[in-house]
Amino acid sequence: MAWEIKTKPDILVGVLHTWSLHPDWTLSMLRLQKAPFGKRTVLSYRFEHDKPYDTSRNFLAKECLESGAEWLFMVDSDVVVPAQTLERLLSHKVSIVGGLYWRRHPKIFAEAFKFRPGTTQYDPIPDQNIYSALNEVDGIGAGCLLIHRRVFENLKDKVKKLTIPAEGNNVELYEFFKFTSAEPPYVSEDLFFCIQARLAGWKIYLDGNVKCGHILSTMMIKDGRPDWTPLEKGVD
């Protein structure tokens, strides 16, 4: 489900919705919308409980292309972003750039990676190497990721085109994202996108100063009342 897009956005904010919305996440999105930086945004929620993450992200890319948006900003509903995130990411004037957040469960590491030479095997980048304002990386998590539309336009002829049943119709999607745990290259859907982008010559960047929270779990019921687990920020 998505809100109808009635005007051409400069930035399309696509939310991969994974569970009940945490109040900290909701507040972070309100702050993001209120932060003035000279760009109009259209916020499009997709509630993709019944679809895999890769399909959901491909829907967001489809909306970006069809809406005429200049940028797609993907933010997951378990990633809490700072208010100035969009302003900072846009300031770098690069086509693919994301914020810094950590894996939620042991082993804890930043969602930023270097691929081993000549392979699609990857290693997390050590924490001490990612705190500068801008870092070139091989792979990055898509929970806080800004992508210019030119990347999708360039990749359309380099990835598969799928026809899938959705919302009562057959829908055509480009396979920019693909979860491949059971087949080569054996990576998550966001790293698959990074591989395709890098093969096409695009550079990928991480802003180590955009420090996001990563919510540990959804709402828990305790004594009949809602109770929320704390955030995992990785650093203070």
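This is a predicted model: local features need pLDDT of at least 70, side-chain atom pairs count only at pLDDT 80 or more; totals for chains, interfaces and linings use all residues.
Q: Which way do the side chains of S3 point?
A: Side chains in a regular strand alternate between the two faces of the sheet. Here Trp 71, Phe 73 and Val 75 point one way from S3, while Leu 72, Met 74 and Asp 76 point the other way. All of these residues are buried.

Q: How does S3 run relative to strand S1, parallel or antiparallel?
A: Strands of a sheet pair through backbone hydrogen bonds, in either a parallel or an antiparallel manner. S1, residues 11–16, runs parallel to S3, and 6 bridges join the two. Opposite Leu 72 in S3 stands Leu 12.

Q: How many bridges join S3 to strand S10, and how do the two run?
A: S10 covers residues 144–148; it runs antiparallel to S3, with 5 bridges between them. His 148 in S10 stands opposite Trp 71.

Q: What is the strand order in the open sheet of 3 strands?
A: The order is S7-S6-S9, and the pairing is antiparallel. S7 (122–124) and S9 (139–140) are the edge strands, each pairing on one side only.

Q: How many bridges join S6 to S9?
A: S6, residues 112–115, is joined to S9 by 2 bridges, and these strands run antiparallel. Ala 112 has Ile 140 in S9 as its bridge partner.

Methods
Residues are numbered from 1 along each chain as its sequence is written. Side-chain values use heavy atoms; hydrogens and water are left out. Buried means under 20% relative accessible area, exposed over 50%, partly exposed in between (1.4 Å probe, protein chains only). Helices (H or I, at least four residues) and strands (E, at least two) are DSSP runs, numbered from the N terminus. Two strands pair if DSSP finds at least two bridges between them.
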